[in-house]
Structures are given as structure tokens and as C-alpha cells.
Amino acid sequence: MTNAIPVKDEDPRRQAVRAWIADHPDPSPRTLADAGLVAPQWPVPWGRDADPESQLIIEDELQRAGIAVPLNPNGILFTGPSLLLGGTPEQQARYLPPMLSGEELWCRLYSEPDVGTDLSAIRTRAERRGSVFVVNGWKLWAPLAQAAVLGGLLVRTNGQPGDRDGLSYLICPMDSPGLSVRPVRDLAGGYRFNELSFDNVEIPVANLVGEQDQGLAVAESRHHFERVSTARGAAFGNGPTARDLVEHCARRAGQVDPLVRPRLVEAYLDSEILRMMAISIAESRSLGRDTGLAERARKILLERHGRMLGMLACDVLGAGGMLVPGHAEAEEQLWHNAFLSGPSITIGAGTTEIQLEELGDSLLQV
């Protein structure tokens with residue numbers, strides 16, 4: 001297997017990771033977390049203070065060795081950074097180790113009905129009563145909430161919807177009395193999203209992250225510890241990739257329709273461009289540069305790439321790509337899900353129409 005990034009085998013950073021893997025050929029999730037390899041961009045002792053290129057080397061070597069890091073996307077990408085910047089030492093010691101090891105799955109409780117990704121419009125309220133916040137309201141989407149142990153909850157403790165101030169960030173135990181979670185079936189037949197209702201849910205004041213009424217800054221702190229995403233997955237870094245589809249076609253020994261081949265090449269090139277864009281953005285961010293324009297542009301391109309890759313995979317698979325969930329082989333099922341999940345990329349991580357509008361406004365101001 002060749003290196004996925006242009007860093008030579010002789011690089012001491014790559015050799016150091018290989019030496020660690022040689023000493024730990026079958027590491028447990030806790031061993032990986034304790035070594036700082038789950039979120040290497042985080043500060044010590046939780047990570048390795050790794051720069052973007054070092055992050056990619058670590059990811060590259062773990063994949064080469066067939067070692068999978070614990071999956072806790074909402075925790076590592078969102079609530080973890082919030083705790084790193086706004087949490088107390090006690091909160092960090094309690095929540096970060098089991099988050100990194102995957103022992104406690106987290107979810108994000110931000111979006112609401114009729115609100116979407118506009119966090120300033122949040123209506124769910126929390127009233128402080130002595131040692132607890134009493135929460136009432138609704139949340140929508142909330143990926144993985146049906147399986148999560150804890151959630152990063154953004155609520156209004158002051159002001160009116162539309163105010164950026166007046167929001168607070170709480171750690172919400174998902175087994176709290178009065179909290180109801182109802183899975184929402186998606187187009188792919190799964191239950192990745194959820195609707196939640198809060199009926200006088202009591203959350204300890206000790207679970208407040210950062211200052212009261214300043215929770216929006218805490219929720220948006222993930223950019224300080226952004227994990228490098230190399231577009232290995234079409235949908236938000238998840239699922240199969242263009243490289244996977246090329247390898248699938250190679251195993252079929254030339255049985256790909258000649259009319260499909262140019263589209264396959266285009267998809268592969270797009271994935272490599274997105275990967276290089278991610279590396280460039282991460283490097284620029286580490287130098288303190290504004291990467292807002294580049295991030296919006298990449299998200300727009302990723303949306304197009306994800307939908308195109310799903311449709312291409314169905315054409316490559318032929319009749320197998322049209323089978324309904326539950327009746328396809330494992331690999332075909334994977335691509336079937338990628339095809340059906342494609343449209344959701346247009347609203348995830350910021351609606352594409354909003355990204356286009358903000359990108360246009362920014363360009364006109366340059």
C-alpha cells in the first residue's frame with residue numbers, strides 16, 4: 001500500500017508512528033486514546049499537539065496497519081473541543097478519556113424545528129433554579145442521540161431567538177427524566193437522526209460548560225482543534241470513497257462499461273482535489289490564516305462529489321446497485337446507502353444554498 005500523503009517513509013514522524021504500532025500491533029481503544037492517537041490534534045495529555053501534516057501521517061499509518069480508532073464523531077469533532085476550551089479541569093478529566101476511547105458515545109443537541117443550523121434562533125429554554133437548570137423545548141436531527149450516553153446541549157438562558165448572546169452550553173445525560181428521544185427514519189432506511197423533547201428536564205449547574213449566556217462561542221470552538229478531513233468518505237468523511245470504487249472496478253478485471261470509465265476517472269480526480277484542499281486548509285489554519293472562503297468552497301464541491309459518486313457507484317454495480325436495502329450483498333449495500341444518503345449532504349454541516357450565498361457575499365467584499 002502506498003502512502004496516501006506525500007511524506008517519505010524515512011520521515012522521522014512516520015517512523016515514530018510505525019515503531020509505536022510495532023510495539024502495539026493490536027491496541028485497545030483505551031490504549032490508542034492514552035497514546036494520543038485518537039485526536040492527535042488535541043493538546044497533551046489528550047492528544048499530541050500534532051500539526052496538520054503530522055495528523056495525516058498518523059491517520060495514514062494507522063490505516064496502513066489496519067487499526068481503526070474509536071468512532072465518536074460528535075464527541076471528538078464538536079463537544080470535545082468545547083470541553084477543551086470552555087470546560088473545567090474536573091469536566092475534562094471526567095468526560096474526555098471515555099470520549100476518546102469510545103466508551104461513552106456523544107451526540108450534538110443544537111438544531112431545532114424551524115431553526116436548522118441558525119443557532120442564534122434557538123428557542124429551547126433553560127431556567128436556572130438553585131443547583132439545576134430546568135430545560136423545556138425541542139431538538140431535531142441530533143445524529144446518534146438514540147445511542148448516545150451524553151449530549152452537548154445548546155439552550156437559551158437569556159434573551160430572545162435571534163440573539164447571539166443568551167445561549168448556554170450544557171452537558172446533558174441522555175437518560176435524564178423528562179427527555180424523550182424519537183428516531184427519525186431516513187431515506188436510506190436507517191435511523192441516524194432523532195427528534196427530542198425536553199419536559200422539565202433537570203441538568204446540574206455543574207454541567208455548564210463555560211460562562212452562562214456565552215454558550216455560542218463554546219459551541220463554535222471546534223475550529224480551534226479541527227481534525228483534518230481528507231475526503232476519504234463522500235458524506236462528511238464517512239462511508240466509501242472514490243478510491244474504494246476504483247479498487248472495486250480493478251478487482252472486476254476490466255468489466256466496467258467503457259462509457260462509465262471517464263466518470264470514474266472524474267470522480268477519482270475530484271476526490272484527490274478535495275483531499276489536497278483539506279490539507280491546504282488545515283495548514284493555512286495552523287498558521288492563523290482565514291480559511292472561511294476555502295472551507296465554504298470545499299463544502300460545496302464535496303456536496304456535488306458525494307451525490308455524483310453515489311450515482312456512479314449504482315451504475316458500476318449494475319443490477320446489484322438497484323437492490324433494496326437488506327437484499328444486496330455487503331459491498332453493494334454500502335454503496336446503496338451512499339447513493340441514498342447523497343441528498344442529505346446538501347443540508348449537513350451548513351445548507352449548500354447558504355454556503356453559496358455566504359461565499360458570493362464574501363467574494364464581492366474582497
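Me: Which residues bring α1 and α3 into contact?

Reply: In this predicted model, Arg13, Arg14, Val17, Arg18 and Ile21 of α1 meet Glu53, Ser54, Ile57, Ile58, Asp60, Glu61, Leu62 and Arg64 of α3. Sorted by class, the contact of α1 with α3 holds five nonpolar, one polar and seven charged residues.

Me: Why are α1 and α3 called oblique to each other?

Reply: The axes of α1, residues 12-23, and α3, residues 52-64, cross at roughly 40 degrees and come within 9 Å. Angles under 35 degrees count as roughly parallel and those from 65 to 115 as roughly perpendicular, with the rest, apart from angles over 145, taken as oblique; α1 and α3 are therefore oblique to each other. The crossing in which α1 passes α3 is right-handed.

Me: What makes Glu53 partly exposed, and where does Glu53 lie?

Reply: Glu53 belongs to helix α3, and its relative accessibility is 30%. Buried means under 20% and exposed means over 50%, with partly exposed in between, so Glu53 counts as partly exposed. The C-alpha atoms of Glu53 and Arg13 are separated by 9.7 Å, although these two residues stand 40 apart along the chain.

Me: What puts Trp141 in its accessibility class, and which residues does it touch?

Reply: Trp141, in strand β3, residues 132-141, has a relative accessibility of 38%, and since this falls between 20% and 50%, Trp141 counts as partly exposed. Leaving aside neighbours within four places in sequence, Trp141 is in contact with Ser111, Phe193 and Asn194. Trp141 and Glu195 are 54 residues apart in sequence, yet their C-alpha atoms are 6.0 Å apart in space.

Me: How do you know which peptide bond is cis, and where does its proline lie?

Reply: The bond joining Val44 and Pro45 is cis, with omega at about 10 degrees. Pro45 lies in the loop between α2 and α3.

Me: What describes the packing of α9 against α11?

Reply: Helix α9, residues 292-317, and helix α11, residues 352-365, pack at an angle of about 145 degrees, their axes being 10 Å apart. The contact is made by Leu293, Arg296, Ala297, Lys299, Ile300 and Glu303 of α9 together with Thr352, Gln355, Leu356, Glu358, Leu359, Ser362 and Leu363 of α11. By class, this contact of α9 with α11 has six nonpolar, three polar and four charged residues. The crossing of α9 past α11 is left-handed.

Me: Which residues touch the most other members of the largest nonpolar core?

Reply: Among the 34 residues of the largest nonpolar core, Trp42, Leu83, Leu100 and Leu154 touch the most other members. At least two residues of this core come from each of α1, α2, α3, α4, α5, β4, β5 and α6. Another core lies apart from it, with 20 residues, including Cys107, Val155, Ile203 and Leu208.

Definitions and conventions
Residues numbered from 1 in each chain as written. Predicted model: local features only at pLDDT ≥ 70, side-chain atom pairs only at ≥ 80, totals over all residues. Heavy atoms only, no water. Axes fitted to C-alpha atoms, helices over the stretch in contact; angles between N-to-C directions. Helix = DSSP H or I, 4+ residues; strand = E, 2+ residues; numbered from the N terminus. Left-handed = near helix turned anticlockwise from the far one by under 90°. Contact = heavy atoms within 4.5 Å. Nonpolar A, V, L, I, M, F, W, Y, C, P; charged D, E, K, R; others polar. Core = buried A, V, L, I, M, F, W, Y, C linked by side-chain atoms within 4.5 Å. Buried < 20%, exposed > 50% of the residue type's maximum accessible area, 1.4 Å probe, protein only.
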